[in-house]
Amino acid sequence: MSDEAEKGEAGKTETAFRRARPCPVCSKLSAERFHPFCSKRCADVDLNRWLSGSYTVPVVEMEPEDFDELERELGKAVKHG
Ligand SMILES: [Zn+2]
């Protein structure tokens, strides 16, 4: 797969900043359970941003199959216009 390198880079960065980083969505203290976010809600917000093109670096490790599935789900949910 061509995205292996990208995933590895992101993984390294995630590990380095894991403890000190606040929630990137609302800047609250991140919860280990929802790392790097403070809550499931913020994780969803971020995921939506990422899938809609604002982010280019994945913040979570996902299998390509998962991504396809998510994209389908979001396509259903976000389809408007
Ligand atoms: Zn948050």
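This is a predicted model: local features need pLDDT of at least 70, side-chain atom pairs count only at pLDDT 80 or more; totals for chains, interfaces and linings use all residues.
User: How many helices and strands does the protein have?

Analyst: Helices (H or I, at least four residues) and strands (E, at least two) are DSSP runs, numbered from the N terminus. Here the protein has 3 helices and 0 strands, and from the N terminus on its elements run α-α-α.

User: What span does helix α2 reach, and what follows the helix?

Analyst: The expected span of a helix is 1.5 Å times one less than its number of residues. Helix α2, residues 40-51, has 12 residues and reaches 16 Å from its first C-alpha to its last, close to the 16 Å expected. After α2 comes G53, whose phi is positive, near 105°.

User: Which residues does UniProt list for "binding site"?

Analyst: UniProt positions are given in the numbering used here, with feature names shortened, and annotations may be inferred rather than shown by experiment. The unreviewed UniProt entry lists C23, C26, C38 and C42 under "binding site". They are spread over 20 residues of sequence, yet they cluster in space, with a largest C-alpha distance of 8.1 Å.

User: Where are C38 and C42 placed, and why do they count as buried?

Analyst: A residue is buried if 20 or more other C-beta atoms lie within 10 Å of its own, exposed if 12 or fewer, and partly exposed in between, with C-beta atoms placed from the backbone. C38 is in the loop between α1 (4-17) and α2, and it counts as buried because it has 20 C-beta neighbours inside 10 Å. C42, by contrast, is found in helix α2, and C42 is buried because 20 other C-beta atoms lie within 10 Å.

User: What does C42 touch, beyond residues up to four places away in sequence?

Analyst: Two residues are in contact if their C-beta atoms, placed from the backbone, lie within 7 Å. With residues up to four places away not counted, C42 touches C23, V25, C26 and F37. C38, leaving aside its neighbours within four places in sequence, has contacts that include C23, C26 and K28.

User: Which residues form the largest nonpolar core?

Analyst: A nonpolar core is a set of buried Ala, Val, Leu, Ile, Met, Phe, Trp, Tyr and Cys residues joined through C-beta atoms within 7 Å. The largest one has 5 residues, namely C23, F37, C38, C42 and A43.

Definitions and conventions:
Residues are numbered from 1 along each chain as its sequence is written.
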